[in-house]
Amino acid sequence: MVNLATKTALEAPAPAAEASVPVVELQGLEVKLGGRPILQGLNATLTGRCIGLLGPNGAGKTTLLHTLLGFYPISGGSARVLGKDVKTETRAIRSFMGYMPENDAFIQGMSGVRFVRQMAELAGLPKAQAIERAHEVLFYVGLGEARYRPVDGYSLGMRQAAKLAQALAHGPRLVFLDEPTNGLDPVARERMLRLIRDITEAGNVRVILSSHLLRDVEECCDEVLVLKAGKVAVTCNLEAERRANRNFLELELRNEQGGSADPGFNQALEALGAEIASGARQRLKVVLPDGVKVRDLYRIAVERKVQIRRLDYKRDSLEDIFLKAMEG
Amino acid sequence: MAVYGRNYRRYAGELTPPWSRFLILPRYAYETVFQSKLFLIFFAVCFLVPFAGLLMIYLHHNLSALSFLNIPPEELKKFLPIGKSFFFRGTWLQGGLAFILVFLVGPALVAPDLRNNGLALYLSRPFSRTEYVLGKMSVLLILLSAITWVPGMLLFLFQSILEPSWLGKNLDLGLAILVGNGAWILFLSLMALAVSALVKWKPVARIALGVLFFVSIGFANALNEILSTWWGYLFSAWYVIGSIWASLFGIPVSADELPPPGAAWAALIGGSLLCLWLLSRRIRAYEVVR
């Protein structure tokens, strides 16, 4: 029998070398679709194990993923994925990555195992290995018992799992997951998030997770890129953020008549170097710089005739980072 | 990753060469296509004409068989000579069957992938749009070859072996079989893929393919009648390929029956380019909505 296999997947760099290469590098990335600018001047270097892409609907998360996959042409700037240029090395990028699309996507008339097997073969696995891995990965995502059933007949949760299976079947180094928990019930969602964490932690795989659900990103990711209207609103290393010993307070303010507090209070805090984000119901999130104490807040409150009705110490959650980015 | 282990591991084995991967598509497509009994029966029927041709050639060179059947050899050579009209008729019959095969298989090739967002899955792998089209086209090209130029060439070689002096005089017939059938199956495959990609829905794609083939014949005739011209024929693939076959096999036809070969070639090439353009527009991982 002629062995068609000529190249090995081991050509991939060693994990230690790979860890030093940024997962995604964007330099002034611009993408226009139908003449309309969708992504505008994106600059970011993302190095995390699991990177969250956050943003409201229409912010450009999926467009960014599609651009990194080479589906959309780059109209300005550059993008690199694990050191490979998206413009010139698209095929190389696609050979080491897996992609789980946001929408329903499957090949009609195929059983789960045949579907995943075909996808693995298209990624370059020889037939025998593709069969073996298709079975394994379907068990891994929890479709072991349903693997001989047609994909068309799967429930929404099962189809999400099948999409994840096809993204993992060829053993990629990097996985793009676009809204992986869309439409899942709480149990299925928890299972999906557990799988994502497991892939990242145990499987030595980088993950880019696009979602508009903050909790999903917070539970899985160690780095976040927040997009807003096609621009980078903020990039944030969640791990570092969690570790940082910052004075993060949540205040509830009123004036002496019980109405809205004087905006001068906020300005005075900002003058001290504090970071401020206004929330609903007269709540204010404040990050105090080093050297500024809580007693300084009370002093300014007295000066501005503002009542501090509640003061909580709070860690900087992803929600706060996101809200701050959206306000900015 | 072991099934019992249930944890993820990377693949670190060998990979197949990239050039061979487009052949994965026909392999999977045939598993589905040959599950249909209707298709299997039809595919078997497609070999009846070549088999009859084989018998005919055999009879031409077997005097004992002819005497057993009580057929005078001169009569057989006079009424059914093995020459250009024999191979032209064979090509014509198999060409018609080729369209039916495309009608049965073609619409299911691209439309379901577009409908179910399957293209994003294919194209997110190291697998280009060209390879996708090539893979899907080869599903049809391999099947069509099996019923058109392959049996045609086998009959041609069989006749050449039995009558070596015949080969020298009819070498151009071999070329006509290859070029005539090749052009037809290439055009049919492109048309089927383009219609399948354009319509996105399998049953509608099948209807569109039928309409494009049969209605265009009527339309061509009506146009010629109304405008007293011949160029209406150029709107019908069947008349166009008929003209190309007739010119390749050297069959004389009047200007009223078929378009001129030059115009027919131009129409076929133009139609193929149009199909390629449509495919280049439709075969994308995601559509850009303007």
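## Helix H7 of chain B and its surroundings

In this predicted model, H7(B) is followed by B:Asn117, a residue with a positive phi, near 55 degrees. Helix H7 of chain B spans residues 107–115, and seven of its nine residues are buried, so the helix is largely enclosed by the rest of the structure. Those buried residues are B:Pro107, B:Ala108, B:Leu109, B:Val110, B:Ala111, B:Pro112 and B:Asp113.

Which helices of chain B do the buried residues of H7(B) pack against? They are H1 (24–33), H6 (84–105), H8 (118–123), H9 (129–147), H12 (171–199) and H13 (202–227).

**Chain B as a whole**

Chain B contains 15 helices and one strand. Further values for the chain are set out below.

| Property of chain B | Value |
|---|---|
| Box filled by the C-alpha atoms, along the principal axes | roughly 80 × 55 × 35 Å |
| Buried share of the 290 residues | 39% of residues |
| Share of contacts with a separation of 6 or more that join residues 24 or more positions apart | 74% of contacts |

In soluble globular proteins, nonpolar side chains tend to be buried together. Here the largest nonpolar core has 160 residues, and the members that touch the most other members are A:Val116, A:Ala165, A:Val175, A:Leu209, B:Leu188, B:Leu193 and B:Val240. The element that gives the most to this core is H12(B), with 16 residues. Another core, of nine residues, lies apart from the largest one and includes A:Leu251, A:Leu269, A:Val286 and A:Val306.

B:Leu193 leads back to H7(B). Leaving aside residues up to four places away in sequence, B:Leu193 touches B:Gly106, B:Leu109, B:Val110, B:Val133, B:Lys136, B:Met137 and B:Leu279. Of these, B:Leu109 and B:Val110 are among the buried residues of H7(B).

**The contact between the chains**

How many residues does each chain bring to the contact? Chain A brings 49 residues and chain B brings 37 residues. On the side of chain B that touches chain A, strand S1 (14–15), H1, H7 and H8 each supply at least two residues. H8(B) provides the largest share of that side, five residues. By residue class, the side of chain B that touches chain A consists of 20 nonpolar, nine polar and eight charged residues.

Terms used
Residues are numbered from 1 along each chain as its sequence is written. Chains are lettered from A and ligands numbered from 1 in the order in which they are written. This is a predicted model: local features need pLDDT of at least 70, side-chain atom pairs count only at pLDDT 80 or more; totals for chains, interfaces and linings use all residues. A residue is buried if 20 or more other C-beta atoms lie within 10 Å of its own, exposed if 12 or fewer, and partly exposed in between; C-beta atoms are placed from the backbone. Helices (H or I, at least four residues) and strands (E, at least two) are DSSP runs, numbered from the N terminus. Two residues are in contact if their C-beta atoms, placed from the backbone, lie within 7 Å. A nonpolar core is a set of buried Ala, Val, Leu, Ile, Met, Phe, Trp, Tyr and Cys residues joined through C-beta atoms within 7 Å. Ala, Val, Leu, Ile, Met, Phe, Trp, Tyr, Cys and Pro count as nonpolar, Asp, Glu, Lys and Arg as charged, and the others, Gly among them, as polar.
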